Every structure is written in structure tokens, then in C-alpha cells.
Amino acid sequence: MTWQLTDDQLDIQARARELATEVIGPRAADVDMAEEYPWDNVDALRDAGFTGMTVPTEFGGGGHSFLDAVLVVQEMAKVCGVTGRITVECNMGAISAVMAYGSDIQRKMAAEMVLGGDKPAICITEPEAGSAASEMTTRADRKGDGYVLNGKKHWITGGGVSRLHLVFARVFDEQGNEEGIGGFLAIRDETEGLFFGLREPTMGLRAIPEREVLFNDMYVGPDMVVLPPSGFKRGFADLMNAYNSQRVGAGTVGLGLATGAYELALDFVKEREQFGRPIAEFQGLQWMLADMSVQLEAARSLTYRAAQSRGPNNSPFPDPALAAQAKIFTAEASIRVVNDALQIFGAAGYSRRNPLERMYRDVRMFTIGGGTAQILRSVVASRILDMRVPQTRGGWLPKG
Ligand SMILES: Cc1cc2nc3c(=O)[nH]c(=O)nc-3n(C[C@H](O)[C@H](O)[C@H](O)COP(=O)(O)OP(=O)(O)OC[C@H]3O[C@@H](n4cnc5c(N)ncnc54)[C@H](O)[C@@H]3O)c2cc1C
């Protein structure tokens with residue numbers, strides 16, 4: 001590992017590794033089997049100071065960088081993808097958006113929640129608006145000083161367990177004129193009109209609910225408006241900007257899972273014997289392991305670089321193109337690496353007694369959630385060609 005981490009970062013990494021190895025890892029199989037949100041792990045993360053790490057110190061947070069949080073995510077995901085994802089969302093994504101765009105009162109409230117262990121939910125995707133997020137139909141109609149929200153989101157991570165929700169909706173003034181996309185806060189068990197629907201039975205990462213979230217005449221006062229409806233372009237741009245930290249975090253969970261799988265395979269090839277010798281002596285497996293290590297190093301470098309970057313115009317979030325490059329490569333490489341690790345275990349890898357089976361299911365999601373690998377390629381293409389790349393009919397347009 002040649003990446004230069006500071007002494008503080010090495011210390012964070014070591015503390016995270018200790019917690020992961022001693023507490024989180026031994027519970028991972030049970031967490032997967034139970035398919036229940038691992039509140040004990042959340043308590044352990046909170047007690048170790050691994051929630052609210054990126055929240056500024058003035059709001060009681062750790063004041064850490066995204067890279068610091070990435071180091072913790074990676075260690076958790078090595079042993080438990082679910083806990084890795086929880087770590088992401090207690091440090092990046094919705095919480096980062098509130099910290100960047102919210103009022104002081106909102107930031108204080110959100111900070112207290114994540115420091116207490118809440119994993120905020122980010123509500124964008126709808127049944128008819130997935131990659132085409134800007135086609136969302138959830139609407140927020142102006143009523144007095146506030147807004148009334150109606151609509152339905154799905155695939156919302158943490159739906160039913162998260163307290164804080166950052167909800168995106170199309171905003172309409174009192175005359176019914178559309179003003180753009182805005183972001184609103186809602187709190188489970190407090191905000192009237194916030195409901196939870198069906199839970200999706202997922203392939204992997206089964207202990208975090210992916211659920212429908214519904215808004216039925218949900219009133220939010222002006223104090224709960226984070227991103228005002230300042231015009232379609234800005235509202236949507238801000239939304240996508242906030243998502244870049246989440247993207248780096250999501251890629252990191254894949255990286256952690258793949259690193260964990262690779263390390264298991266490295267141990268296994270030295271122990272397992274066939275044809276009278278350790279299988280590590282077969283060149284076919286040596287080259288697989290070598291390729292796995294190359295992919296992990298490349299993924300790590302892209303991820304750390306993206307975590308340290310800043311987008312244009314003093315953005316507090318990672319650069320969109322670097323975040324997209326990191327997530328595309330890391331998500332795809334992680335799937336290959338976990339698949340190869342499972343192959344190296346032979347039949348044992350296919351058994352549910354072995355963590356590889358769980359890791360294989362868990363890692364599959366990262367080319368999909370948080371922007372698919374295809375959509376992220378369009379983000380990269382837009383940067384390298386210096387062109388807007390609209391996905392709607394009408395072709396490629398020059399920037400501006
Ligand atoms: C585990 C998990 C957790 C999630 N958590 C959340 C969450 O917390 N909050 C939230 O809001 N959403 C969440 N999502 C939703 C996720 O962001 C969407 O699934 C994703 O944006 C893709 O949308 P879709 O599934 O509707 O696929 P679609 O958009 O219908 O895409 C279908 C296929 O077409 C491809 N495609 C679509 N448009 C293009 C194009 N222009 N060019 C090339 N290919 C294209 C896609 O890449 C994909 O392969 C989650 C999803 C998963 C799986």
C-alpha cells in the first residue's frame with residue numbers, strides 16, 4: 001500500500017480495523033441471516049465516534065474529511081457490507097447535503113441525529129423516475145409559508161428505520177406554476193403524512209431495509225426546507241452535487257467487500273491442498289490473485305483521490321467526474337474480485353457457511369444504487385468531451 005496517509009488517518013484506520021475485527025465481523029453472518037437492522041453495530045459505531053465524523057466540530061461532529069470517513073467505511077465493509085453502508089450514510093450523502101445547504105437550526109438538528117446513530121435517508125428514486133431522477137413526480141405545493149408534499153419514492157435505504165429524511169420533490173407555487181426541484185426534511189414518527197410502504201426483498205445487504213416511502217398531504221414548514229425551489233437547474237444541480245460524496249462512499253463499500261474477499265482467498269490458497277501441494281502453488285490461481293491485487297490497488301487510488309477532491313466552484317463535495325470514475329471502476333472491479341475469491345474457494349465458496357456467498361450477494365449492488373455504471377459513464381463523458389450529455393431525445397448539445 002503506497003498511498004500516503006497521515007498519522008491521524010493511520011490511527012483512525014487502526015481503530016476502525018480493531019472495531020471491525022473484534023465486534024462487527026463476528027456478527028456479520030447473523031446480521032445477514034436475521035435481515036434486521038443491526039442496532040448493536042450502530043451503537044458501536046456511534047460510541048467509537050464513527051458517526052457524524054464529517055460533521056463540522058461547531059455542530060459537535062468530528063470535523064473529519066471525506067477520506068477519513070472512507071477509511072472507516074472500508075474497514076467496516078471488509079467484514080460487513082451492511083455496516084459499511086451504514087457508516088457511509090452516517091457521514092456522507094443526506095447529512096452532507098444538510099450540512100452544505102441547510103440553515104444552522106437544520107444543521108444542528110441533523111448533526112444531533114447522526115451523532116446519536118441515525119442513518120438519514122435520501123429520497124429521490126420513484127417507480128417511474130430512476131436514472132431519469134429529474135422526471136420525479138412527487139410534488140410539493142406551496143401552502144402559506146410551507147409546502148404540502150404528495151407522492152411516492154421507492155428503494156429508499158433505511159426506509160422505516162431512518163429518522164431523518166431528505167426528500168426531493170417538484171415544487172409548485174400557489175398558482176400551480178412549477179418552480180423547480182426542492183429538498184425537504186421529514187422526520188419519522190414526527191412529520192405527519194410520512195408513511196412507509198412495502199419492503200423490497202433484496203439479493204444482498206439484507207439487513208438494511210429498502211422500502212417505499214410515501215407522502216400523503218405531508219406538510220413541512222419553512223424550517224424544514226433545505227434546498228429552496230430556486231429554479232430547476234440549480235435545484236437539480238445541488239441535488240446531484242450532494243450525491244457525489246455518497247457515490248464515493250458507495251464505491252468504498254464495494255472496495256471494502258472486495259478487499260475482505262481477497263484477503264480470505266489469500267489465506268485459503270496457503271491452507272488448501274490439492275494434488276499434494278497448497279493450491280497457492282498453481283500458477284492459474286497465482287495470476288488470479290495478482291490480477292485481484294492490481295484491481296484493488298487501482299480502485300483504492302481512484303477512491304481516495306475522489307474522496308480528497310473538490311468539485312468546481314468551491315464545491316464542498318467530491319468532483320463529479322472523479323467520483324463517477326471511482327465508482328464505475330471500483331464497483332465493477334469489486335464484483336470481479338469477489339467473484340474470483342469465491343471461485344478460489346471452490347465448493348466451500350458456494351456454501352452459506354462461508355462469508356464469500358454473502359459478500360458476493362452484497363457487492364452486486366454497487367453498479368446500480370447511487371447512479372448506475374451506465375449513467376456515471378455519461379457523467380465522465382460529459383467532462384472529457386466538455387459537452388452536456390442530455391439523455392432525453394434531442395441529441396448532444398454544446399455546454400452552456
Ligand atoms: C440497494 C439499493 C439502494 C438504493 N437506495 C436508494 C436510496 O436510498 N434513495 C434513492 O433515492 N434511491 C435509491 N436506490 C435507487 C437507485 O438510485 C436506482 O435504482 C438507480 O438510480 C437506477 O434506477 P432504476 O433502478 O429505476 O433503473 P433504470 O433507470 O430504469 O435503468 C434500467 C437500466 O437502463 C440503464 N439506463 C437508463 N438510462 C440510461 C441511459 N441514459 N444510458 C444508458 N443506460 C441507461 C441503467 O443503467 C440500467 O441498466 C437504490 C437502489 C438500490 C439497488
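Biologist: Which strand does Ile181 lie in?
Modeller: Ile181 belongs to strand β5, residues 178-187. Strands here are DSSP runs of E with at least two residues, helices are runs of H or I with at least four, and both are numbered from the N terminus. Residue numbers start from 1 along each chain as its sequence is written. Bear in mind that this is a predicted model: local features need pLDDT of at least 70, side-chain atom pairs count only at pLDDT 80 or more, and totals for chains, interfaces and linings use all residues.

Biologist: Is Ile181 buried or exposed?
Modeller: Ile181 is buried, because 27 other C-beta atoms lie within 10 Å. The cut-offs are 20 or more other C-beta atoms within 10 Å of its own for buried, 12 or fewer for exposed, and partly exposed in between, with C-beta atoms placed from the backbone.

Biologist: Switching to helices, how many residues of α4 are buried?
Modeller: For α4, residues 81-89, it's 9 of 9. Among them are Arg85 and Glu89, along with Ile86 and Val88.

Biologist: Nice. What about the chain, how much of it counts as buried?
Modeller: That comes to 49% of the 400 residues.

Biologist: Which domains is the chain divided into?
Modeller: There are domain 1 (7-115), domain 2 (121-230) and domain 3 (241-398), with bounds from an automatic or database domain assignment.

Biologist: Now the ligand. Which residues come nearest?
Modeller: Ile124, Gly130, Ser131, Gly369 and Thr372, out of 20 residues around the ligand. A residue is near if its C-beta atom, placed from the backbone, lies within 6 Å. The elements giving two or more residues to that shell are β1 (121-123), β3 (146-157) and α12 (373-384).

Biologist: Which domains does the shell draw at least three residues from?
Modeller: Domain 2 and domain 3, each of them.

Biologist: And what is the shell like by class?
Modeller: It has 9 nonpolar, 10 polar and 1 charged residues. Here Ala, Val, Leu, Ile, Met, Phe, Trp, Tyr, Cys and Pro are nonpolar, Asp, Glu, Lys and Arg are charged, and the others, Gly among them, are polar.
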